[in-house]
Amino acid sequence: MMSVTAKGAWLGWTGLAGCLLATPALAQASREQREETCAGIEDICNPGYRADDADDMLPEPVGIEIVVAGQALPEPMGDKAYSHIDVPIGAGAGERLENSLRNVPGLQQFRRSDARSANPTSQGVTLRGLGGNASSRALLLLDGVPQSDPFGGWISWPGYDVLNLGRMTVRRGGGAGAEGPGALAGSIDMSSAPVRPGQHLVFGDVAYGSRNSLDVLIGTKQALGQGGLTLTGSYARGDGFVPILRGQRGMADRRAGYEQAALAARMVAPISGTVELQGNIRAFTDRRDRGFDFSDNRNQGADASIRLVGRGKWQWSALAYLQQRDYRNSFGSLANDRNSVSQVLDQYSVPSTGLGAQFELRPPLGEAAELRLGMDWRRTVGENREAYLFQNGVAQRLREAGGTGETLGAFAELSWQAAYNLLITGGARADHWSLDRGRLFETNIGGPDITDLSFADRSGWEGTGRIGLAWDAGSLLTLRAAGYLGWRLPTLNELYRPFRVGADATAANAALSPERLKGAEIGLDYEIYTIRLKATAFWNRLDNAIANVTLAQGPGNFPGVGFVSAAGSYSQRQNLDAVVAKGIEIDAAADIGAIGLQIGYGYVDSKVHAAPGQPGIDGLRPAQVPRHFATVAADWFPNGGDSGLALTGRYVSGQFEDDLNVQRLDDAFTLDARAAYRISDAMLIELRAENIFDARVEAAISGTGVVERAMPRTIWVGVKVDLD
């Protein structure tokens, strides 16, 4: 709900003279006041604005309230004290959601490849060089619902291409806010686009690309009184590319195809004058191939959530959700010459369920203060079921591993505008966690059992908090500082499931302790007219960091995995003493007429502090953590329209595949481009190119030096249709 108060007088300034007269006052005003002022004169103060955004920029008539269906509670007042950035959705040269996030310095997925070619279990997301394995150390949220896989903690990215998103905000740094214990390194907060009063829209997007690729998105947004309905569907497929570098391929290597589809529905309905009901449901299926026989995988799931939002004097939000996932994966072992392959694993089902609820209350404290009180609960249940030890194409053994995890927490956060130019914010939360019903069972098919372990139930308490301040130093400069504590519970996958990749074997560890983070940051935000700059320096220490620690080289029999050949290594998931990361993040943007520029840079010095019994890794860099990230983007859209050009360049420095820092992945620079032309009010045509120069982007390297690459050059031709 948006209302106009006495500040509405600012909106009376129109024309160039008003803009010039307003400038001195704007220099001393708050950011909210500047945004409200320029909303009515954006075409003069900001010549780079888009005509498509005009509806959002029109000033509201004084005294009239406009309800936009489907929004959450207002952004917290305390956000100003912490490092965060809004990520443009669909505005750049790339279209896939996970690739848009790669433009945020310091944000990385475990692999450099995207969800068309990477194994789904390798797509965790983290921030600030904290490393790890495939589990996420940053929390992805969709309309308040945690999105990490209930069993493994990875992210099913193709399930989000179907969504009609309105906003995506990356908050860096851990803390004790309403987001919960998963936001160890930060959070990625996605919000569905609202349905506006009177909106009746049908939209579609079809693109055909290299290697017989097809992307389709269709949907409708219909206003229903003060509520609304959004329905969307997506489909993507492609023949894929050969992941292995030319010159290292054998007869067994082939293209790695993919096929992905999703459906989503969102209903928003008013319950009373101040209470709104929001319901979401979506389902997706994702099939990929890894480029050789017995390497196919399938990931599918369905989510449902319901949220009540109260926008009266006492603001509140109540959320409940359900997640269902099932993952299947097959794996083959290739001969040294890569001319033949034999099946070694059939992970035929990994069912998991996530349940949760959250409640938040904001009592009326006036404009100078905000208090957030709440509780949240999350329960995950999952099990891995696989057949292994194949002989002549027939599995000889079965393995089942899984358990249950649960967290229950309460939080409080107070933000206070102590002076006209000073904001102070602080919060704390307490969480109770439990791990129950942990089990590992292995048996010979038609023969005796090998392992039947039931792990002891465990539980404990974690207390965390954060504090920050933001000082408006004048001349549009804001200085901020923050300190925080955070934590993460090990996933069921980390605790209970051993696994193999090629000849390498990794044992699970049911005794893993929760990860605990402490960190601090200082930063500045500077904004004048159409120039914006954010810079942050940070220090983080992640105690009990969970990593795959190499313990020995084959051949030999090792606990938890059995025999490992001379070509493989033996590892176990273990708690390191710590990972310490320090660095800087810079985000800058400018609009110069019809030209928009964005620059981002991140540097992180991240080092492992080994625990006793972890040889050879102390002082090394965590696996999959580069030192440098850089992005640069430019777009040109003349006359404020959506016909124009866009370029996006990304650079990532070298990083290590393994914890021993032996297998190095080279640095890479890629350039994407997009050209769009509107041929009518309802139709836009576009030409897109990913990785224009076909740069070699190394995504993985095996112990024998075989390199897997990420997406090569891909050209797309598409058309977008909007019927309103």
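User: In what order do the strands of the open sheet of 5 strands stand, with mixed pairing?

Analyst: This is a predicted model, in which local features need a pLDDT of at least 70, side-chain atom pairs count only at pLDDT 80 or more, and totals for chains, interfaces and linings use all residues. Residues are numbered from 1 along each chain as its sequence is written, and side-chain values use heavy atoms, with hydrogens and water left out. Strands here are DSSP runs of E with at least two residues, and helices are runs of H or I with at least four, both numbered from the N terminus, while two strands pair if DSSP finds at least two bridges between them. On that basis the open sheet of 5 strands, with its mixed pairing, has the order 1-6-7-4-5.

User: Which residue in strand 7 stands opposite arginine 167?

Analyst: Strand 6 (residues 165–172) and strand 7 (residues 186–192) run antiparallel and are joined by 7 bridges. Across from arginine 167, the residue in strand 7 is serine 191.

User: What is the average twist from one strand to the next in the open sheet with the order 22-23-29-26?

Analyst: This open sheet is formed by 4 strands with mixed pairing, and strand 22 (499–501) and strand 26 stand at its edges because each has a single partner strand. Angles are taken between N-to-C directions and run from 0 to 180 degrees, with axes as lines fitted to C-alpha atoms, for helices over the stretch in contact. From one strand to the next, the twist averages 30 degrees.

User: How many of the residues of strand 29 are buried?

Analyst: Buried means under 20% relative accessible area, exposed means over 50%, and partly exposed lies in between, with a 1.4 Å probe and protein chains only. Both faces of strand 29 are covered, with Ser569, Ser571, Arg573 and Asn575 buried on one side and Tyr570, Gln572 and Gln574 buried on the other. Strand 29 (residues 569–575) is therefore largely enclosed by the rest of the structure, its buried residues being 7 of the 7.

User: Is serine 213 buried or exposed?

Analyst: Serine 213 lies in strand 9 (residues 213–224), and among the residues that it touches, not counting those up to four places away in sequence, are Tyr208, Arg237 and Trp716, where contact means heavy atoms within 4.5 Å. Because its relative accessibility is 4%, serine 213 counts as buried.

User: Which element of the protein chain has the lowest mean pLDDT?

Analyst: pLDDT is the predictor's confidence in each residue, from 0 to 100, and the protein chain averages 86, with 89% of the residues scoring at least 70. Over residues 1–65, however, pLDDT stays under 50. Strand 25 (residues 531–543) has the highest mean among the elements, at 96, and the lowest, at 32, belongs to helix 1 (residues 15–28).
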